[in-house]
Amino acid sequence: MDFSNQHKHRSQPNRCTVCDAPIVINPLHRDQPRICGNVQCQTLFKQQHSMSPALYKQHFARQQQLILQKRHVEVEKQKHIERLKQTEHAENERIAAALKAYVAGFAHQEIRVTQLPSGLAETAPPEPDRIDAYCEHLQDVISQAEAAESFESLLDGQHSVLHESLINQDQRLEDNPALAQGVQQMCGLCKGGCCSAGGNHGYLQPITMRRLMEHQGMSAESLLAYYREKIPQRSVVGACINQTREGCSVPREFRSDVCNFYLCEEVEQYLDSVEYSESGNTCNLVVQREHTHWNRFEAVEKNPVKLIAVQNEEGELVPLAHGEWLGSGGD
Ligand code: SF4
Ligand code: SF4
Ligand SMILES: [Zn+2]
């Protein structure tokens, strides 16, 4: 597809010369180049100063085509994500309606739907290459931690925010045991749908190691030995080396702040809705889908339903047999 020919408005004064995106013109600087804030458009524009006009013309046409192709792919991807979200949301609504209609005791309840992903299931002994890569990562972050002045010196802006957010989240869950139990139940059902991106690093960073050196008095050697010892006999295939079907093989205080803080947006929304709900008559309905947290948008039409569960009065998630009572809503 020739994207450069799709520009109906390229010559218009309030559009980017490269990608045709709308731009705001400063009325005091009307003679400024018509280039949007996109880094690629800006770079292409600046390159004219380092080339002859003839060469730049060819280069411009080629690069413009690539930029537009990339933009097109991105727009289509976003549309696909929106379509999936809408399809899955509509199906969740049908499941909630069916629950009210066909299952005794739910007719007069408000239903709050939480859609969960699924952790990967296959496990295998981690290959020597994986173990080597992980140990190299450990050695690297431990050396950086050793070389740092202190824990505080490693707290850059991003880490400070994360560290503070973790402290607040821990406090929030400690103050409200029902919330903590909700998280435990949902993550227990999901089995690490967010750990599939942990690779051979487990999000461990120099700051994690420095914290352990200062707070637990651990040496570089003992840290390396500890983490090596925690590598499980069988790891979940295609996920973090520390992920097992029973959970993370590394105890919480030895995990990174990223791992200890991260909650997927579905669980975050659940927490907010429980905490701020004024209704005492709300039932939590969990619709678990088959993909992990990270590949959920790779589904073609929708991510299939794997399990449906409701939270009972004790806060436990009780799976419901689904099929007959779901009518057109189930798989
Ligand atoms: S935070 Fe979300 S994705 Fe991660 S284990 Fe819990 S439910 Fe699964
Ligand atoms: S270290 Fe543990 S919590 Fe973190 S990604 Fe790996 S398995 Fe998940
Ligand atoms: Zn542009």
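Which residues does Val141 touch, not counting residues up to four places away in sequence? In this predicted model, Val141 touches Leu204, Gln205, Pro206 and Met209. Val141 also belongs to the largest nonpolar core, which has 21 residues.

**Overall architecture**

- The protein chain has 331 residues, of which 26% count as buried.
- Its secondary structure consists of nine helices and eight strands.
- The domain assignment divides the protein chain into domain 1 (3-74), domain 2 (84-117 + 264-329) and domain 3 (123-261).
- A distance of 44 Å separates the C-alpha centres of domain 1 and domain 3.
- The radius of gyration of the protein chain is 26 Å, whereas a compact globule of 331 residues would have one near 20 Å.
- Taken along the principal axes, the box filled by the C-alpha atoms is roughly 70 × 60 × 40 Å.
- Among contacts in the protein chain with a separation of 6 or more, 69% join residues 24 or more positions apart.

**Nonpolar cores**

- In soluble globular proteins, nonpolar side chains tend to be buried together.
- Within the largest nonpolar core, the residues that touch the most other members are Leu138, Val141, Ile142 and Met209.
- Two or more residues of this core come from each of the elements α3 (128-147), α6 (206-216) and α7 (220-229).
- The greatest contribution to this core is that of α3, with five residues.
- There is also a second, separate core of 17 residues, which includes Ala96, Leu99, Met186 and Leu285.

- The shell around ligand 1 includes the cysteines Cys187, Cys190, Cys194 and Cys264, together with Met186 and His293.
- Leu116, Pro117, Gly192, Gly193, Leu263 and Val267 are also around ligand 1.
- Helix α5 (residues 177-190) supplies the largest share of this shell, namely three residues.
- By class, the shell around ligand 1 comprises nine nonpolar and three polar residues, with no charged residues.
- Ligand 1 lies between domain 2 (84-117 + 264-329) and domain 3 (123-261), because both give residues to its shell.
- Met186 is found around ligand 1 and is also a member of the second core.

- The residues around ligand 2 include Cys195, Cys240, Cys248 and Cys259.
- Gly192, Gly198, Gly202, Tyr203, Asn242, Gln243, Val250 and Arg255 are also around ligand 2.
- This shell divides into six nonpolar, five polar and one charged residue.

Note on methods
Residues numbered from 1 in each chain as written. Chains lettered and ligands numbered in written order. Predicted model: local features only at pLDDT ≥ 70, side-chain atom pairs only at ≥ 80, totals over all residues. Near = placed C-beta within 6 Å. Helix = DSSP H or I, 4+ residues; strand = E, 2+ residues; numbered from the N terminus. Nonpolar A, V, L, I, M, F, W, Y, C, P; charged D, E, K, R; others polar. Domains from an automatic or database assignment. Core = buried A, V, L, I, M, F, W, Y, C linked by C-beta atoms within 7 Å. Buried ≥ 20, exposed ≤ 12 C-beta atoms within 10 Å, placed from the backbone. Contact = placed C-beta atoms within 7 Å. Rg over C-alpha atoms; globule rule 2.2 N^0.38 Å.
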